[in-house]
Amino acid sequence: NAFENANLKKIIVPASYIYFNENAFSNLTNLEFIAIKNDLNISLFASTFQQNSSIEIYLSKSMLSFVRQNYSTLPYITNLKQIVEITSSNIENLALSTSYIYSTLTQINSNLSSLENLKVVDFPEIKSINDEMFSGLKNLAFVECPNAKVVGKKAFYECSNLIKVVLDKNAESIGENGFYGCSSLLDAEFTKNLTVVENQAFRHCTSLTDVRFEQNDVEIKT
């Protein structure tokens with residue numbers, strides 16, 4: 001009953017070994033999705049996600065196959081979805097219904113704004129988030145790019161459900177309108193390498209309550 005009745009909406013689980021006991025996430029009526037980034041072992045109970053009929057549970061391709069083979073009688077088996085891994089050859093061929101994408105590519109030039117159902121992005125190796133890369137994605141909630149030092153123009157323009165973006169702690173620049181209209185974004189933290197925040201970078205970020213700059217002479221444009 002670890003999270004029973006808690007007011008949680010989204011959960012990301014990066015652990016390598018996961019054992020979910022009974023009722024761990026029961027009665028979480030507001031829970032929209034849980035992403036389990038794990039390719040090793042997982043243990044589930046029938047009541048782990050009890051009374052969460054609309055929840056989306058994302059697993060890697062190999063783990064999804066494992067769960068379907070070993071837990072075929074789970075009442076929420078139809079709620080399981082695949083984390084889509086993209087490579088240089090299939091970015092343009094992603095299904096429009098794709099919700100969770102992962103890639104170890106160091107550079108992604110494609111604009112992903114056509115993926116209207118995209119909710120979670122995990123790009124651990126890219127160095128830059130390109131101009132308009134996620135622009136207008138209303139369902140996008142979480143983006144993890146821990147090595148990205150640059151956010152391009154309109155990179156997250158009007159991503160109204162975006163809650164969190166993980167960037168390199170030494171991010172250098174935030175482009176014009178970079179987070180414009182991200183009305184669900186909660187916080188932003190930048191260390192000493194950030195030199196410029198371009199025009200209207202955080203305009204209409206109405207939920208933003210905590211912004212931290214460590215650079216003494218960062219240029220914030222209007």
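Two rings of Phe, Tyr or Trp, taking the six-membered ring of Trp, count as a pair if their centres lie within 6.5 Å; planes under 30 degrees apart make the pair stacked, over 60 edge-to-face, and the rest tilted. Before I use that, two remarks on the source. This is a predicted model, where local features need pLDDT of at least 70 and side-chain atom pairs count only at pLDDT 80 or more, while totals for chains, interfaces and linings use all residues. Residues are numbered from 1 along each chain as its sequence is written, and side-chain values use heavy atoms, leaving out hydrogens and water.

Now the rings. The count is 9 aromatic pairs. In one of them, Tyr 58 and Tyr 100 have ring centres 5.7 Å apart and planes at 35°, so that pair is tilted. Tyr 58 is in strand β5 (residues 56-59) and Tyr 100 in strand β8 (residues 100-102), so the pair ties together parts that are 42 residues apart in sequence. Strands here are DSSP runs of E, at least two residues, numbered from the N terminus. Both tyrosines are buried, meaning under 20% relative accessible area with a 1.4 Å probe, protein chains only.

Next, Phe 179 and Phe 202. Their ring centres are 5.2 Å apart and their planes at 5°, so this pair is stacked. Both residues are buried. Together with Phe 134 and Phe 156, Phe 179 and Phe 202 form one aromatic cluster.

Beyond its neighbours within four places in sequence, Phe 134 is in contact (heavy atoms within 4.5 Å) with residues including Leu 112, Val 121, Leu 140 and Cys 159.

Last, the cysteines. How many disulfides are there? A disulfide is a pair of cysteine sulfur atoms within 2.5 Å, and the count is 0. For Cys 145, the nearest cysteine sulfur belongs to Cys 159 and is 12 Å away. Cys 145 is buried, at a relative accessible area of 0%. For Cys 205, the nearest cysteine sulfur is that of Cys 182, 5.1 Å away. Cys 205 is also buried, at 9% relative accessibility.

Methods
Helices (H or I, at least four residues) and strands (E, at least two) are DSSP runs, numbered from the N terminus. Buried means under 20% relative accessible area, exposed over 50%, partly exposed in between (1.4 Å probe, protein chains only).
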